[in-house]
Amino acid sequence: MTDTTISPRGGVPERPSLDGLEETWARRWQEDGTYAFDRTKERSDVYAIDTPPPTVSGELHMGHVFSYTHTDTVARFQRMRGRTVFYPMGWDDNGLPTERRVQNVYGVRPDPSLPYDKDWRPPAAPVDDAARKNPTAISRRNFIELCELLTVEDEKAFEALWRRLGLSVDWSLTYTTIGSAARAASQRAFLRNLARGEAYQAEAPTLWDVGYGTAVAQAELEDRERPGAYHRLRFTGPDGREVLIDTTRPELLPACVALVCHPDDERYADLVGAAARTPVFGVEVPVRAHPLADPAKGTGIAMVCTFGDLTDVTWWRELRLDTRVVIGRDGRLLPEPPAGVPAEPYAALAGQTVNGARRTLVELLADAGDLVGEPRPITHPVKFYERGDRPLEIVSTRQWYLRNGGRDAGLREELLARGRELRWVPEHMRHRYEHWVGGLTGDWLVSRQRFFGVPVPVWYRLDDAGEPDWSHPLTPDEAMLPIDPTSEPPPGYEESQRGEPGGFTGDPDVLDTWATSSLTPQIVGGWETDPDLFARVFPMDLRPQGHDIIRTWLFATVARSHLEHGALPWHTAVLSGWILDPDRKKMSKSKGNVVTPMALLERNGSDAVRYWAANGKPGMDLAFDPAQVKVGRRLATKLLNASRFALGLGAADALRAAATQPLDTAMRAELSGVVATATTAFDGYDHTAALMATEAFFWRFCDDYIELVKERAYGTGPAADSARAALATALSVQLRLFAPVLPFVTEEVWSWWRYGSVHRSPWPTTYEVGRAMEAPGDPELLRLAADALGQVRRAKSERKLSMKADVPLAEALGPAAVLDRLGTVADDLRAAGRIAKLDLLPDRTTELVIACAF
């Protein structure tokens with residue numbers, strides 16, 4: 001790696017400015033290929049990053065700026081350490097968020113029954129609320145084309161912001177999760193899972209989002225507190241015994257298949273094995289015992305419905321109960337009652353929404369005298385899809401699953417072991433992974449009943465009656481991928497046989513977006529399509545991501561890589577925290593406290609915003625603080641001005657000269673320590689500690705060292721040469737130390753006096769800092785001289801004198817050893833303080849005191 005390959009020196013401008021640096025350098029970096037990945041390097045010389053592909057279904061926010069800045073500091077540091085950095089950018093553009101955005105922007109809804117209309121065109125502008133409430137139905141293919149159209153525009157906006165922020169990605173490596181390469185990789189992995197028995201299809205209770213009309217996986221759930229009410233229902237046990245049941249979902253009474261109590265609950269011991277009759281419907285249901293029943297909850301005995309919640313599913317499965325499904329995919333009660341439920345009372349509920357059916361059934365219970373007391377209001381957690389706005393239902397559907405250890409203890413232990421192999425930053429985040437894996441109760445549901453996604457790549461034969469053979473799916477050869485079974489026939493069939501008895505039908509579902517995103521290392525690394533590249537980048541070095549998606553993206557990627565490659569997909573995972581508002585509340589659109597970044601970047605400069613972001617450590621939340629952004633801009637401005645001043649003294653021509661004077665070697669000795677600290681911090685993924693050490697030294701360098709040596713540097717002779725050499729080394733080193741965080745201003749200053757790009761120059765070393773010193777430096781000497789100068793400045797300030805005012809006499813009092821050291825820099829102190837005479841008076845005080853006479 002060298003700093004002499006591109007871009008000649010530009011010279012120091014008369015009036016340097018931060019304005020316009022982003023546009024200038026973003027363009028130059030792209031033109032010069034500054035961040036291009038060199039695929040000729042061996043794997044040991046490569047540093048590969050599995051970059052999170054942001055969801056392009058809205059605006060980027062400060063959380064993106066926060067976490068992606070952290071990753072970029074790693075990429076820049078590793079590049080300067082001599083690695084060729086594989087740093088792609090991806091766009092996660094398939095899935096529910098994109099569909100919802102398209103529906104909202106254009107006021108449309110997909111209808112698979114409609115034919116494709118090649119002449120259909122979307123509205124020229126976003127539609128109003130009325131159009132959104134009454135959307136236009138369009139064909140599946142038209143809808144997918146519209147999704148593709150909108151995501152392309154969103155991706156342009158996202159790329160413009162990333163370039164403005166200065167991310168050092170190689171834009172030639174950009175991918176999308178709906179692109180051809182991603183679809184092929186996703187389908188290939190699925191087919192291999194299927195061939196190994198890791199993917200399977202089952203008719204089973206499924207978490208269902210009514211608003212989106214799709215199945216939802218366990219990892220996508222969240223609990224939200226919602227108001228509800230306990231209703232006490234009167235069941236009839238043997239010999240007319242009254243059995244009271246508390247429930248928040250009386251509308252599921254026709255779906256009741258059992259009553260369950262705890263095995264040790266003596267109140268109901270004599271009922272276990274017997275039967276009870278439901279109110280209103282009079283259906284006989286068994287009474288069973290199960291340890292999940294809570295004796296302290298409600299009346300201690302619960303009704304099991306198919307299906308009210310996940311506990312119902314567990315009871316249903318483990319107790320081998322009947323199935324009586326009453327809620328359909330549209331969130332309404334089915335038009336016909338389940339087997340064994342009388343049609344007459346059910347007719348009042350048929351077709352109603354859940355809330356409507358609840359009100360009706362409560363009335364029926366009250367009329368029958370089987371509602372005991374009034375409903376008791378409560379607030380309780382309700383399951384939601386993380387992106388949804390309606391409570392989830394559980395319906396029985398046929399879905400595709402991937403084995404993830406939820407029902408396989410052996411696989412679970414293997415995935416836990418993978419978690420222990422992984423380096424976690426911070427380390428405590430590993431416990432979140434282990435808690436999630438250890439708590440899995442089922443396999444990963446990967447099929448979705450949506451449109452804009454990677455199609456499940458299988459077909460089914462139809463028998464003579466036109467019924468599909470679910471147990472023997474037809475699969476394509478991998479060479480055919482990607483394919484869409486809804487528009488392409490399987491091998492050996494003609495399109496005319498679609499839907500015909502003896503013909504075929506394509507699987508209508510798409511894969512969960514995480515089923516594709518979990519393959520980002522394989523997609524961007526050229527798995528099976530570019531073996532040479534894949535060997536150079538996989539397993540990757542780094543996965544940066546938010547801690548809130550450990551259970552989804554991180555775990556799913558580990559599971560897919562373990563199943564396919566028998567290895568971790570990367571060596572290290574760095575987890576970022578959340579962005580909080582100034583009141584330390586998590587930013588979210590719903591709270592109205594989101595700050596969008598582009599205006600902030602334009603107003604303050606990208607380096608200033610990156611400075612704020614870099615003050616947040618991995619795994620820690622950070623409050624958005626406009627004052628901190630302003631500090632970053634002041635730092636960048638000071639870097640411009642201090643560099644201009646130092647170079648104006650002739651530092652550029654003294655870069656490799658020797659430092660001979662005590663103050664110069666002292667400064668370089670302290671700088672050597674800063675280099676060691678920053679290097680260790682970056683090696684440990686602690687960009688914040690590296691920035692703090694560098695920034696603290698920089699301000700001492702500007703306020704103390706430059707002030708102490710500038711008079712000497714203006715002169716001639718060996719002492720002046722020493723000062724200029726020290727200034728040059730300090731400037732060169734500090735520009736490189738700041739470069740990962742402040743890429744624009746450091747590149748600008750570097751271009752004034754050095755060749756090439758600072759971002760392609762070698763990371764500074766302690767050897768480099770110390771190699772041109774005639775003798776080892778004393779880092780405390782600079783602090784001592786700065787203390788003395790500070791006392792002189794205070795004396796002038798207290799007398800309201802200019803800092804340029806002369807001091808006829810100054811007396812330095814203190815321990816003899818301290819004054820002996822001070823004497824080695826006395827000439828610089830006199831010049832900086834404009835002291836005519838400096839007397840050293842040893843052992844008069846226990847600490848250094850500078851007394852000035854005016």
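Author: What follows takes the labels one at a time, for a model that is predicted.

Reader: Start with T516. Why is T516 called buried?

Author: Its relative accessibility is 0%. Buried means under 20%. T516 therefore counts as buried. The residue sits in helix α12, residues 513-517.

Reader: What does T516 touch, beyond residues up to four places away in sequence?

Author: T516 touches N94, T177, A182, S186, V454 and I523. Contact here means heavy atoms within 4.5 Å.

Reader: Now helix α26. What puts the buried residues of α26 on the same side?

Author: The helix spans residues 826-833, and its buried residues are A826, D828, L829 and G833. They cover an arc of only 160° around the axis, so they lie on the same side of α26.

Reader: Which elements cover the buried residues of α26?

Author: The cover includes helices α19 (662-683), α20 (687-714), α24 (779-798) and α25 (816-823). Strands β27 (807-814) and β28 (835-842) are also part of the cover. Just after α26, R834 takes a positive phi of about 55°.

Reader: What makes F701 and Y705 stand out in the largest nonpolar core?

Author: They are among the residues with the most contacts inside that core, together with W753, L822 and I850. The core has 82 residues. Helix α20 gives the most to this core, with 12 residues. Another core lies apart from it, with 39 residues, among them F37, F86, V524 and L533.

Reader: What does L822 touch, leaving out residues up to four places away in sequence?

Author: L822 touches L784, A785, A788, A812, L829, L840, L848 and I850.

Reader: Turn to strand β29. How do you know that the side chains along β29 alternate?

Author: The strand covers residues 849-853. I850 and C852 point to one face and are buried.

Reader: What makes β27 and β29 a pair?

Author: Two strands pair if there are at least two bridges between them. β27 and β29 have five, in the antiparallel sense. The pair therefore meets the cut-off of at least two bridges. L809 stands opposite A853 in β29.

Reader: Which strands form the open sheet, and in what order?

Author: Four strands form it, in the order β8-β7-β16-β18, with antiparallel pairing. β8 (214-215) and β18 (444-445) are the edge strands, as each pairs on one side only. Inside the sheet, 10 bridges join β7 (residues 199-209) to β16 (residues 393-402). P205 stands opposite S396 in β16.

Reader: Now the backbone. How do you know that the peptide bond from V425 to P426 is cis?

Author: Omega is near -5°. P426 lies in the loop between β17 (423-425) and α11 (430-438). A cis peptide bond also joins L481 and P482, with omega about 0°. P482 is in the loop between β20 (459-461) and β21 (504-506).

Reader: What makes the phi of V280 worth a remark?

Author: Phi is near 65°, a positive value in a residue other than glycine. Most residues other than glycine have a negative phi, and most peptide bonds are trans. V280 lies in the loop between β12 (275-277) and β13 (284-289). Y685 also has a positive phi, of about 60°, although it is not a glycine. Y685 lies in the loop between α19 and α20.

Reader: Why is V280 called partly exposed, and why is Y685 called buried?

Author: V280 has 28% relative accessibility. Y685 has 7% relative accessibility, so it counts as buried.

Methods:
Residues numbered from 1 in each chain as written. Predicted model: local features only at pLDDT ≥ 70, side-chain atom pairs only at ≥ 80, totals over all residues. Heavy atoms only, no water. Buried < 20%, exposed > 50% of the residue type's maximum accessible area, 1.4 Å probe, protein only. Arc of directions from axis to C-beta. Core = buried A, V, L, I, M, F, W, Y, C linked by side-chain atoms within 4.5 Å.
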